[in-house]
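Please examine the sequence and the three-dimensional structure shown here.

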Amino acid sequence: MQSLLPAKFSGILQVNPADEEQLKTLQDAVLDQNQDQQPNPKMHVTLLHQAFPKKLKTRDGLNGKKALSALFKNGGQMGIPTPTLRLGDVKIGEADGRVSSYVEIENSVEMLELRDAILEAANIDPSALYDTEDSPSILTQEEKNRVFHISLTNLEGNPGASIKYPQATDRNVVVR
């Protein structure tokens, strides 16, 4: 499935499916099997949670969130090639009172490379995310171990009601 970067920066680094038809089919199958779920209207892959850009700085010392906003405002993200999204298992998980279904993205290395390319385009050194001799990582353990995914459904039908960090113990959903 082809992907593209959004026209505007929403606070999180994300990549969107170019066509949601296959995802809508998966979403419908989950909804048929799980009557308590509602469709998620905004399907995307989070590359970096919104809590982290503001903790970053450009090589010139500018706040990372502001630098990313400027990059997107100027259309600088449009020159960054985006990978094909390879869909994996469909699962349902629960965390912090939230229950949601999602499809895993199998090509996680390409998602990390895309995240880093966006940071580079905004003049942010991606290595600032990780532990160095001089400073600890700004990433939480959950963000370091992010399972890239697209949320399909949740209990409320709003993107903020989906779980943030899927786990290996989440159950597979049989989708036919």
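The text that follows treats a pair of helices, an aromatic pair and a pocket.

The model is predicted, so that local features need pLDDT of at least 70 and side-chain atom pairs count only at pLDDT 80 or more, while totals for chains, interfaces and linings use all residues. Residues are numbered from 1 along each chain as its sequence is written, and side-chain values use heavy atoms, without hydrogens and water.

Helix α2 spans residues 64–73 and helix α3 residues 108–121; their axes lie 9 Å apart, at an angle of about 90°. The two helices are therefore roughly perpendicular (65 to 115 degrees). In their contact (heavy atoms within 4.5 Å), α2 contributes Leu-68, Leu-71 and Phe-72, and α3 contributes Ile-118, Leu-119 and Ala-121. Six nonpolar residues form this contact, with no polar and no charged ones.

Phe-72 of helix α2 also pairs with Phe-9, which lies in the loop between β1 (3–4) and β2 (13–17), 63 residues apart. This is the one aromatic pair counted (ring centres within 6.5 Å).

The largest pocket has a volume of about 390 Å³. A pocket is an open set of points on a 1 Å grid where a 1.4 Å probe fits, with protein on both sides within 12 Å along at least five of seven lines; lining residues have an atom within 4 Å of a point. Of the 18 lining residues, Ile-12, His-44, Thr-46, Pro-159 and Lys-164 are the closest to the centre of the pocket. The lining comprises three nonpolar, eleven polar and four charged residues.

Definitions and conventions
Points joined across faces, edges and corners; volume = space filled by probe spheres on them. Nonpolar A, V, L, I, M, F, W, Y, C, P; charged D, E, K, R; others polar. Axes fitted to C-alpha atoms, helices over the stretch in contact; angles between N-to-C directions. Helix = DSSP H or I, 4+ residues; strand = E, 2+ residues; numbered from the N terminus. Parallel < 35°, antiparallel > 145°, perpendicular 65-115°, else oblique. Phe/Tyr/Trp six-rings, centres within 6.5 Å; stacked < 30°, edge-to-face > 60°.
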